[in-house]
Amino acid sequence: MMDSQTSLRLSRRLFLTSAAIFLTTSASVVHGRTIQQEMPWAPGAADPPAQVRPGPWAFFTSDEAATIEAIVDRLIPPDDHGPGGKDAGCAVFIDRQLAGPYGRSEGLYTRPPFMPGSSTQGYQNPASPAGRYRNGLKALADQVGQSRSGKAFHELTAAEQDKILSALEDGSVKLKDVDAKAFFAMVLQDTQQGFFADPIYGGNRDMAGWKLVGFPGARYDYRDWVERHNESYPLPPVSIMGRADWLSKG
Amino acid sequence: MARKLPSKNVVVIGLGWTGSILSYHLAKAGLDVVAIERGPWRDTATDFPPAYAQDELRYAIRLDLFLRPAQETLTFRNRADQTALPIRNFAGFLPGNGVGGAGIHWNGQTWRFLSTDFRLRSHLTERYGASMLPGDMTIQDWPVSYDELEPYYDRFEKLCGTSGKAGNLKGVKQDGGNPFEGWRSSEYPTPPLKQGLGATLFAEAARKLGHSPFPQPASNLSEAYTNPLGIRMGQCSYCGFCERFGCGNYSKASPQTCVLPALMRLPNFTAQTESEVLRINLDSTGKRATGVTYVDTSGEEWEQPADIVLLCAFALFNVQLMLISGIGKPYDPDSGQGVLGRNYAYQTTSSVSVILKDKVLNPFIATGAHGMMIDDYNGDNFDHSNLGFVGGGYMGAGQTNGRPIQTRPVPKGTPKWGAAWKKATAETYQHAYSLSTHGSSYSYRDCWLDLDPTYKDRLGRPLMRMTFDFHDNELKMSAYLTERLAEIAKAMNPTEMQAHPRKGPYDSTIYQTTHNTGGTVMGDDPQTSVLNRYCQSWDVHNLFIPGGASVFPQNHGYNPTNTVGALAFWTADAITQLYLKNPGPLV
């Protein structure tokens with residue numbers, strides 16, 4: 001059962017993301033929205049982001065997840081500066097993003113023909129991020145399995161993992177049917193996005209990324225601090241969801 | 001077969017800045033106006049309330065408020081000998097979508113062009129001789145002068161409540177303002193924004209080197225303000241979420257905060273959203289527009305007849321709709337003949353990043369348009385005699401944010417990941433600042449827009465094709481400006497600095513600006529322009545393109561929005577004061 005609010009939200013999303021899905025109709029009114037003599041506004045019609053909840057992987061298989069968790073923890077290693085990518089939830093972030101519109105290339109121009117172009121023309125390949133992760137992780141697992149006598153990536157030492165990641169980064173290792181360099185760049189970008197995005201999306205847990213650099217997050221009002229030059233802003237970061245210590249202890 | 005709707009006096013295509021300004025003025029003048037917008041209705045409380053407006057992933061990375069390429073995109077190539085390929089995900093520039101258009105997601109930087117910019121070719125030829133200009137440079141004079149446009153700049157700034165400090169009031173120089181700006185009939189509506197440490201240090205260094213820094217004019221308001229339409233705006237909170245974001249504080253000027261509350265009250269105005277105009281219709285003579293045909297969300301087509309058609313889409317899509325509608329002669333770069341799609345231009349930006357180890361800069365305390373700038377190297381404010389290029393830009397310290405997905409500077413040579421990256425990121429964030437130049441992009445014979453022969457949009461129409469690359473003149477200009485900026489940066493005594501002059505080729509995957517200009521240029525000669533000085537089509541007298549940046553003959557060293565807004569008011573006056581009295585060609 002869909003309440004009217006959800007339905008409004010969905011229709012809005014649908015239009016925004018997939019432009020318009022055309023239905024055959026013989027209606028005599030314009031389908032669109034005709035607005036006259038009002039500022040249309042409905043209570044509760046806002047469209048806040050859905051909070052990522054802990055739970056089973058939404059996209060990754062358990063093997064894939066083990067590899068990604070190992071990778072994000074090398075890209076952002078845990079150390080004296082704070083938690084690493086794994087504890088900060090970067091793998092969870094990527095998992096939920098791949099299970100959502102980003103993973104499906106939703107809203108992008110995906111019509112053929114696909115032709116190789118110059119780098120200034122951007123990505124020209126039908127594969128979506130979800131497909132690229134699936135293929136990339138499979139090719140990586142195969143490559144590691146062959147070269148490391150059957151071991152999985154997450155079973156290697158940190159130094160061995162770093163060596164493989166460096167080789168992917170500079171393209172010196174080849175993956176079957178996968179552009180290793182581009183795959184690495186995508187994983188790195190998504191990992192860092194997860195580390196610094198609002199915690200509502202599953203990464204940046206306990207605002208670890210924001211604490212690392214000193215970004216106060218979603219505070220939205222610094223009027224008193226603009227002219228306090230050379231002073232560190234004193235308040236801790238806050239997320240769209242608020243802060244853990246704002247929640248009732250009951 | 002499209003079904004016919006009752007006729008209106010005016011149909012407006014696109015409800016952004018120009019569409020809302022024109023709609024308001026023409027509806028106020030008593031005309032029955034309908035505005036057709038392909039995106040959704042948007043308002044602050046629903047689309048970007050302060051509860052979650054500050055979401056970098058959603059708005060800046062996933063581009064929530066922008067046009068989806070699945071809905072419309074274009075193809076791109078650097079040179080005519082390449083095959084243009086579709087921009088599958090917007091990156092280099094970001095067209096808006098929905099009511100408010102680019103007026104929602106802009107930064108608020110509100111500049112006027114220089115008086116010499118409006119007679120660019122004449123001025124440069126008079127001062128330096130025609131041989132100074134490259135043979136394939138197709139810059140031309142504007143058909144309006146700065147003096148003519150000044151009252152309209154004034155009106156747009158008052159609509160927005162722009163914060164700043166005048167440098168030239170009716171010809172009298174003012175301390176603390178931009179000494180190079182054209183005369184202003186009045187002071188800015190609100191005082192300048194407060195400045196953070198980075199901008200303050202830049203200004204001190206610039207002054208030391210003999211330049212004249214001034215606060216950047218900002219339509220992110222320093223104080224609460226009521227505009228001439230009676231709409232109240234709030235004070236900017238320096239939250240650092242302007243560009244790519246809607247403002248949750250009602251303090252950044254936009255159609256939402258400056259026009260729509262007054263416009264929507266008018267009984268003779270209708271907004272028709274989520275409806276996309278397919279084409280402008282002409283009568284059998286081809287000299288008169290009869291209205292538009294649009295498609296609604298169910299896929300059904302509707303014909304909206306109207307006496308006047310106003311094309312108010314984003315610059316690039318103004319050109320596409322004109323090409324698809326077959327109005328005006330498409331430009332042919334081989335012969336140089338034709339006008340539609342001619343003189344596409346952009347912006348030539350660059351930056352200098354500094355690290356000031358002993359300073360705490362709080363980069364997240366920011367607005368889209370605060371900062372201190374100098375205009376000493378813009379337009380022809382400096383002698384180009386021995387420089388080997390023309391053009392210039394403003395430059396200075398106006399870092400717009402410290403949002404950490406995108407703004408995460410590290411010292412040169414830092415690895416891209418791992419422990420060393422993490423350490424450098426942690427140690428640099430609070431102490432780094434980015435200075436920038438905002439340079440001109442003059443027009444050239446081989447930079448143009450036309451229809452793509454291969455790729456189609458979801459409605460089966462050809463995508464528009466962009467052929468564009470930076471030319472030597474612009475790259476030399478950028479190198480020169482970046483060197484001057486680096487001199488000032490050096491005087492800030494940085495621990496480290498890196499200069500990044502613009503290099504070719506133009507890369508559509510790296511965000512630079514969304515200042516896409518030209519293609520339906522305004523001018524004095526129908527052989528080299530699509531529109532006359534009143535933004536009226538030379539071919540179809542009841543069709544106007546009222547000031548979208550597609551009317552710019554070339555792009556100058558400033559952000560376009562103030563000139564776009566001024567031309568919207570200029571065209572509104574031309575229609576109400578001249579055209580309605582005597583419908584026909586105004587020139």
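Student: How do strand β4 of chain B and β5(B) pair, parallel or antiparallel?
Tutor: In this predicted model, β4 (residues 74–77) of chain B pairs with β5(B) in the antiparallel sense, over 2 bridges.

Student: Which residue is the bridge partner of B:Phe76?
Tutor: That is B:Leu85, in β5(B).

Student: And what sheet do β4 and β5 of chain B belong to?
Tutor: They sit in an open sheet of 4 strands, with the order β5-β4-β21-β20 in chain B and mixed pairing. The edges are β5 (85–86) and β20 (448–456) of chain B; each has a single partner strand, so one side of each is left without a neighbour in the sheet.

Student: Which helix packs on that sheet?
Tutor: Helix α10 (residues 315–325) of chain B does, touching β4, β20 and β21 (462–467) of chain B. The direction of α10 makes about 125° with that of β21(B).

Student: Chain B has another open sheet, with 6 strands. What is the order there?
Tutor: The order is β8-β17-β18-β19-β16-β22 in chain B, and the pairing is antiparallel. Here β8 (214–215) and β22 of chain B stand at the edges. Each of these two has a single partner strand, so one side of each lacks a neighbour in the sheet.

Student: How many bridges join β17 and β18 of chain B?
Tutor: There are 3 bridges between β17 (residues 372–374) of chain B and β18(B), in the antiparallel sense. B:Ile374 stands opposite B:Met395 in β18(B).

Student: Which helix packs on this one?
Tutor: That would be α12(B), which touches β16, β18, β19 and β22 of chain B. Its direction makes about 25° with that of β16(B).

Student: How far does α12(B) reach from end to end?
Tutor: Helix α12 (residues 472–491) of chain B has 20 residues and reaches 29 Å from its first C-alpha to its last, close to the 28 Å expected at 1.5 Å a residue. Just after α12(B), B:Asn493 takes a positive phi of about 55°.

Student: Which residues of α12(B) are buried?
Tutor: Among them are B:Met477, B:Tyr480, B:Leu481, B:Leu485 and B:Ile488, along with B:Asn473 and B:Glu474. The buried residues of α12(B) pack against α7 (197–208) of chain B as well as β16 (348–355), β18 (393–397), β19 (432–439) and β22 (496–500).

Student: Switching to the largest nonpolar core: how many residues does it have?
Tutor: It has 222 residues, and B:Val12, B:Ile13, B:Phe202, B:Val309 and B:Leu310 have the most contacts inside it. Helix α13 (residues 561–579) of chain B gives the most to this core, with 9 residues.

Student: What does B:Phe202 touch?
Tutor: Leaving out residues up to four places away in sequence, B:Phe202 touches B:Met372, B:Gly396, B:Ala397, B:Leu435, B:Ile488 and B:Met492.

Student: Back to α13(B). Why is it described as largely enclosed by the rest of the structure?
Tutor: Because 14 of the 19 residues of α13(B) are buried. The helix reaches 25 Å from its first C-alpha to its last, close to the 27 Å expected at 1.5 Å a residue.

Student: What about B:Gln527, buried or exposed?
Tutor: Exposed, because B:Gln527 has 11 C-beta neighbours inside 10 Å. B:Gln527 is found in the loop between β23 (517–519) and β24 (543–544) of chain B.

Student: Over to chain A. What is the secondary structure there?
Tutor: Chain A comes to 7 helices and 1 strand, running α-β-α-α-α-α-α-α from the N terminus. Buried residues make up 36% of its 250 residues.

Student: At what angle do α5(A) and α6(A) pack?
Tutor: At about 115°, with the axes of α5 (residues 158–170) and α6 (residues 180–196) of chain A 6 Å apart. That makes α5(A) roughly perpendicular to α6(A).

Student: Which residues meet there?
Tutor: From α5(A), A:Leu165, A:Leu168 and A:Glu169 meet A:Ala180, A:Lys181, A:Phe183 and A:Phe184 in α6(A).

Student: Last one: what does A:Ile240 touch?
Tutor: Not counting residues up to four places away in sequence, A:Ile240 touches A:Pro49, A:Asp198, A:Ile200 and A:Ala218, plus B:Tyr52 and B:Asp55. A:Ile240 and A:Pro49 are 191 residues apart in sequence, but 9.2 Å apart in space, C-alpha to C-alpha. With 19 C-beta neighbours inside 10 Å, A:Ile240 counts as partly exposed.

Note on methods. Residues numbered from 1 in each chain as written. Chains lettered and ligands numbered in written order. Predicted model: local features only at pLDDT ≥ 70, side-chain atom pairs only at ≥ 80, totals over all residues. Pairing = 2+ DSSP bridges. Contact = placed C-beta atoms within 7 Å. Axes fitted to C-alpha atoms, helices over the stretch in contact; angles between N-to-C directions. Core = buried A, V, L, I, M, F, W, Y, C linked by C-beta atoms within 7 Å. Buried ≥ 20, exposed ≤ 12 C-beta atoms within 10 Å, placed from the backbone. Expected span 1.5 Å × (residues − 1). Parallel < 35°, antiparallel > 145°, perpendicular 65-115°, else oblique.
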